[in-house]
Amino acid sequence: MWDHADALLLARIQFAFTVSFHFIFPAFSIGLASYLAVLEGLWLKTGKALYLDLFRYWLKIFAVAFAMGVVSGIVMSYQFGTNWAVFSDKAGPVIGPLMAYEVLTAFFLEAGFLGVMLFGMERVGRKLHFFATCMVAGGTFVSAFWILSVNSWMQTPTGFEIGANGQFLPGPSWIDVIFNPSFPYRLLHTVTAAYLTTAFAVGGVGAWHLLRDRTNAHARKMFSMAMWMAALVAPVQIFLGDAHGLNTLEHQPAKVMAMEGHYRSHPDGAPLILFGIPDSKEKRVDYAIEVPKLSSLILKHDPNAPLAGLDTVPEADQPPVGPVFWAFRAMVGLGFAMLGIGLWSLLGRARGKLYDWRWLHRAAIAMGPSGFVAVIAGWMTTEVGRQPWTVYGLLRTADSASPLDAPAVGASLLAFVVVYFSVFSIGTWYILKLMDKAPHPQETGLEDGPVRTAGITPGPHQHPAGKGE
Amino acid sequence: MDVNFDLTVIWAFIIAFGVFAYVVMDGFDLGIGILFPSFKVGEGRNRAMNSIAPVWDGNETWLVLGGGGLFAAFPLAYAIVLPATYPLIIAMLLGLVFRGVAFEFRWRDPAHRPFWDLAFSGGSFVAAMAQGMTLGAILQGIEVSNRAYAGSWWDWLTPYTLLTGLGVVAGYALLGATWLVWKLDGTPQAHAYKVAKRAAVATLVLLVAVSLYTPLLDEDYWTRWFEMPNVLFAAQVPLLTAILAFLLFRALAKRHEAAPFWFALGIFLLGMAGLGVSMWPYVVPGEVTIWDAAAPERSQIFMLVGVALTLPLILIYTGWAYWVFRGKVGHEGYH
């Protein structure tokens, strides 16, 4: 009744599901941790209570998001072994050490200082507390560094040798493994995406409260900060995305063919398909709205440059076109919409109505979750686009999975779906509830909030050395 | 080859250290979760939870190090053990999801706090039980052929694994109770003393049961534990355990505050030593040794540099975080 193909498909769905869910939280917390560090730094520098209020406001949200990121992340660190055992055995010697470095240099850093960041302001004083916040923020970045290096190595493997037992073994230089060809592009593009995601979430919340009360100083400050980010970082991100795309064209041309919907080769200039419905059976894009030669111009900087299509790639090595094509368009579309908001906010600033332009605020609210959608779409583009490989060109997804029965994987997938949707939906709802509360002066922190009165008592000197009487 | 020999042994000890650090630190976290329903709603539960709120995330990171470290240093073991214990690992991960989010969620939603308290204790119990059963499943043997798990997906469920599962649950409860004895005062502390004594009895009974059961599983275990000359070394483990157990009960009876936790920890350390006697140098008993499973030398050296540079720092700042939150956990009107 069940065969390998079913178990494989279920394992793939499970990985895609758990990693997509997980990715939402770090995409938020990478940016939010840095935002918190900036807010606390501004508070220490200027002494303005407003920054401390904003810090405390977002800290409560950060705590909930971070907890969800941690628990969904632990799942990921074990899923390589549970569901992708052959891949783990083969690629472990190369990517295992990078993941170990992530744990050693990032996870411990975040987790070690998180407690102080959340509950320790009264105990360690301002400067040490700021240091703890910076360590948490730094940890989130270092974590991104290592895990994206792993992912990039799987996409563009370099610096390895193949052992007698079929394992990938590290070559003489780890630099070649870590800084593989797609890594710098992927790292910058992804981390920038995380910052933009946070900026739009913060901007959406600020706009929400401005619509209610445009004199709310806290809402004005967070909205203004977020809109600066949108105006300055969205164009940078579009530039980085383009550079990443060119890098992909060089190393994974089949992925770009799927993104572009180029089933056929174009010997004298390929069109840019803005919209259309890919039909993989007939190998064409229906109802295509296209700009002639633009794709060649973007990808080759020459409108007449020939561009190969999927007809040059063996059938067995082609990625599925539909999901890649759609996800790519969603990501790019949202990226330009973000740029639009950024420019709109500049106009608002120039006209002195940044805090009064209702339609700008409504648009910012609508775009509040846009970063999350764009991040997931981008992830889909790159991950589906590199199929059918786990280690690009070398190890097929079909040859990577654990020897598990389909019912076992099906049961675990079902459990993940039920638990993630219920637990993380509730968590998201708590975050939305926190966001719905207007930021105000004398914002409470985590340790002295009304619900935590039974919490950690301030003051470190009551019990020397933690000993009993 | 000689260098590799040494590196592999070093890595086996690093992983063992990581596992021990995890078992000890998340052990008392999970133990508090397991004991949670026995604490009174309100002050008792709030303070029990607050005693670990600032450190639980750091404690759980050792689990990631254990998994990630095994992946990196012994990829073959990682690739065999995890599919063999698949349902247990998934159950553990889901258990950890529930108890992890409960730390934040119970404060965010007082109206549903009873539900999140249940998620906290249920998740902790499931995670502890799954970890204990995974240990049992490894000890009872895993079928391997051609570098992969070759058994069925129910092999992990036996009376023996249920016994080891309960043993770990009881042991974690003991760690949790003795931690609370240390961190609390007043009525909740008195309750923690009571629970600690019960958990200690349960832990020792199950420890003895597992110790007697294990040698019956396989002749090799019997040889390792009971035949000359091994017995001379191996017998020290139960002997020391008995001494520590005596000290633990005495410390609890005399109402010492910090000592019970350290004695409980000592018992865990001896359990780890016993595990070493049973398994060394296998990672999958009878099938895969640490040298079979080891990553190549280049991977080992690269990671060893990382461990040498970062582990001391990690221990320092983790220690600092514990130091910041030292002393009794506060409560209303504490000043």
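**Entry 1: a proline in chain A**

I started at A:Pro388, which sits in the loop between helix H13 (370-385) and strand E5 (389-391) of chain A. I note here that the model I am reading is a predicted one. The peptide bond joining A:Gln387 to A:Pro388 is cis, and I get an omega of about 5°.

**Entry 2: a proline in chain B**

Next I looked up B:Pro281. I found B:Pro281 in the loop between helix H12 (259-279) and strand E3 (282-284) of chain B. A cis peptide bond links B:Trp280 to B:Pro281, with omega at about -5°.

**Entry 3: positive phi values**

I then went through backbone angles. A:His301 has a phi near 55°, a positive value in a residue that is not glycine. Where does A:His301 lie? I traced A:His301 to the loop between helix H10 (294-300) and helix H11 (321-350) of chain A. Is A:His301 buried or exposed? I put A:His301 down as exposed because it has 9 C-beta neighbours inside 10 Å, and the cut-off for exposed is 12 or fewer.

In chain B I wrote down B:Arg255, a residue other than glycine whose phi is positive, near 60°. B:Arg255 is in the loop between helix H11 (236-253) and H12 of chain B. With 13 other C-beta atoms within 10 Å, B:Arg255 counts as partly exposed.

I stayed with the arginines. B:Arg250 belongs to helix H11 of chain B. I have B:Arg250 as partly exposed, since 13 other C-beta atoms lie within 10 Å. I also checked B:Arg250 against B:Ile142: they are 108 residues apart in sequence, and their C-alpha atoms are 40 Å apart in space.

B:Arg47 is in helix H2 of chain B. Buried or exposed, I asked of B:Arg47? B:Arg47 is buried, because I count 27 other C-beta atoms within 10 Å, and 20 or more is what buried takes. B:Arg47 and B:Asp185 are 138 residues apart in sequence, yet their C-alpha atoms are 9.9 Å apart.

**Entry 4: helices H11 and H12 of chain A**

The crossing of H11(A) past H12(A) is left-handed.

Which residues make the contact? From H11(A) I listed A:Ile341, A:Trp344, A:Ser345 and A:Gly348. From H12(A) I listed A:Leu360, A:Ala363 and A:Ala364. By class, this contact of H11(A) with H12(A) has five nonpolar residues, two polar and no charged.

**Entry 5: a helix pair across the chains**

I moved on to a pair with one helix from each chain. Helix H3 (residues 85-119) of chain A and helix H3 (residues 56-73) of chain B have axes that come within 7 Å and cross at roughly 165°. H3(A) is therefore roughly antiparallel to H3(B). I read the crossing of H3(A) past H3(B) as left-handed. The contact of H3(A) with H3(B) splits into 12 nonpolar, nine polar and one charged residues.

**Entry 6: the whole contact between the chains**

How many residues does the contact take from each chain? I have 72 residues from chain B and 69 residues from chain A. On the chain B side, the elements giving two or more residues include helix H2 (43-50), H3, helix H4 (75-84) and helix H14 (297-324). Strand E2 (148-149) of chain B is also among them. H5(B) gives the largest share of that side, 16 residues. I sorted the chain B residues that touch chain A by class and got 44 nonpolar, 15 polar and 13 charged.

**Entry 7: what the record says about chain B**

Last, I opened the UniProt record, an unreviewed entry. Residues 12-39 of chain B are 86% helix and 0% strand, and the end C-alpha atoms are 39 Å apart. Residues 162-183 of chain B are 100% helix and 0% strand, and there the end C-alpha atoms are 31 Å apart.

Technical notes
Residues numbered from 1 in each chain as written. Chains lettered and ligands numbered in written order. Predicted model: local features only at pLDDT ≥ 70, side-chain atom pairs only at ≥ 80, totals over all residues. Axes fitted to C-alpha atoms, helices over the stretch in contact; angles between N-to-C directions. Helix = DSSP H or I, 4+ residues; strand = E, 2+ residues; numbered from the N terminus. Parallel < 35°, antiparallel > 145°, perpendicular 65-115°, else oblique. Left-handed = near helix turned anticlockwise from the far one by under 90°. Nonpolar A, V, L, I, M, F, W, Y, C, P; charged D, E, K, R; others polar. Contact = placed C-beta atoms within 7 Å. UniProt positions renumbered as here; feature names shortened; annotations may be inferred.
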